[in-house]
Amino acid sequence: MASVSPLKFLKDKTILVTGATGFLAKVFVEKILRIQPNVKKLYLLVRARDSNFAMKRIFDEVVETELFRVVRDELGVNLKSFISEKIVAVAGDVSDTNLGVKDSKLMEEMWTEIDLVLNFAAITNFDERYDYAYKVNTMGAFNVLNFAKNCIKINMLVHVSTAYVCGERSGLIPENPINFDEALKKTCKLEITKEKELIEEKLNQLQAKGSGQNELASTMTDLGINRATFYGWPNTYVFTKAMGEMMLGKYRENMPLVIIRPTMITSTFAEPFPGWIEGLRTIDGAIAGYGKGKLKFLLANTKSILDVIPADMVVNSIIMAMAANTQQNSQIIYHIGSSRTNPIKMTDIHKFMRQYFIEHPLINKYGKPVKVCKIRFFNTPASFHTWIRISYVMPLKVLKLISIFNKSYRDICIDHDKKIKFVIRLVKLYKPYMFFRGIFDNTNSQNLRLTMEENAQEANAFNFDPKGIDWEDYFINTHIAGLVKYVLKQ
């Protein structure tokens, strides 16, 4: 592994970024433009009908966001000319051949100029429709690889995956590739091409019988969860991401490949400023629900370690990995997380969010501060479902009997029934992470840090060591504060 200056490495490079309007990709683009303005060009791939609309999306959803405040302040009136010089908005879609780029002249230009390809594109919903997730997370990775192979100056392909492609493994989880067509359940034989055929067959059946959009969506959603659990993965997201990694490993040939596997990504730790976040990420739904006074119970092992890592540290690791692996023809995987070096438990996060919302309560629609209470934890699924049955399901049955004689209760029954089913579905989706017993080995990541420590100044500029994070200070003063400012109040 070579020791190369990240700033020197990025100078005069032309980079393709897919999924450019996504959370992590934005943090990457901002960092590149801020710390290395001498990067040659960034091709940013976004879904759009044409290049004009693609550039509008880049400005509306990337450049003009709060994340780019520092870049905007530094450039001032020169912002637009700098962006037009450095950024090319590309209308396309990773689920299509040649990434859906219709302009042949632009495509030839990209194949001639691009040095680095970074695939951030992903559908991250745990229970996304199987057809959508397969197209983007599995075949999208394959399409990006094929596009990269056509780039005559290609230095490497960087693919952003997730550490949870491991499923529900326990113990120390190594930074190893996933074998092609190998299911986590050893009794099953996974065939990726057969999954595509199954999706097409199911869609044809639904269309033949004239199914509406709701039935189509729910059937494909259930199919994804069923296929994932059949092969040993807990949800559609990590299953399709695992198959994406398999495709890359199988068909990369001599393509230099870096796979980044972050754990649960949280708000920025330091850059461009602390606390920036967009949307509700994995643990943020629980934090938001608790702050609003709606989350009062949780199915979770209180001793479980939640592996979280700030977004800017993930981006720093990506840049360091690119610089360290230049001119290599191999495949290398990096776990980017905190469970090995600076673990944090579920009880710690509960304590931090309780402290934050007691001191800084949210205001409800009546203008009153929301009071939060201690969460009631259920350490086993059996105890949780017993409590749900006694506290909610049985009273609902009584209400349904009353509604036979009093029709005004029917809408209430339907509403409560939907809420109970929704909670049970959410609990089922999140249970694997609330009871996760794995620790992610980070040997490759540690070696990467050691390689870069020769230059102390640049090592600090691209810090991704979670060991230095004070979790109490970070969650209370940075992450939850940022979540409230950038997500909940908007």
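E253 sits in the loop between helix 10 (236–251) and strand 7 (257–262); helices (H or I, at least four residues) and strands (E, at least two) are DSSP runs, numbered from the N terminus. The model is predicted, so local features need pLDDT of at least 70 and side-chain atom pairs pLDDT 80 or more, while totals for chains, interfaces and linings use all residues. Residues are numbered from 1 along each chain as its sequence is written, and side-chain values use heavy atoms, with hydrogens and water left out.

E253 isn't a glycine, yet its phi is positive, at about 55 degrees. E253 is also exposed, with a relative accessible area of 62% (buried is under 20%, exposed over 50%, partly exposed in between, with a 1.4 Å probe and protein chains only). N98 is another non-glycine with a positive phi of about 55 degrees. You'll find N98 in the loop between strand 3 (87–91) and helix 6 (104–113), where N98 is partly exposed at 28% relative accessible area. Most residues other than glycine have a negative phi, and most peptide bonds are trans. The bond from E271 to P272 is cis, with omega near -5 degrees, and P272 belongs to the loop between strand 8 (264–266) and helix 11 (284–291).

Now the rings. The structure holds 31 aromatic pairs: rings of Phe, Tyr and Trp (its six-membered ring) pair if their centres lie within 6.5 Å, with planes under 30 degrees apart called stacked, over 60 edge-to-face and the rest tilted.

F273 and Y486 are buried, and so are Y164 and F436. Y164 and F436 also belong to one aromatic cluster, together with F126, Y237, Y430, Y433 and F440.

Zooming out, the protein chain has 18 helices and 13 strands. Its C-alpha trace spans about 75 × 55 × 45 Å along the principal axes. Of the 490 residues, 53% count as buried. Among contacts (heavy atoms within 4.5 Å) with a separation of 6 or more, 83% come from residues 24 or more positions apart.
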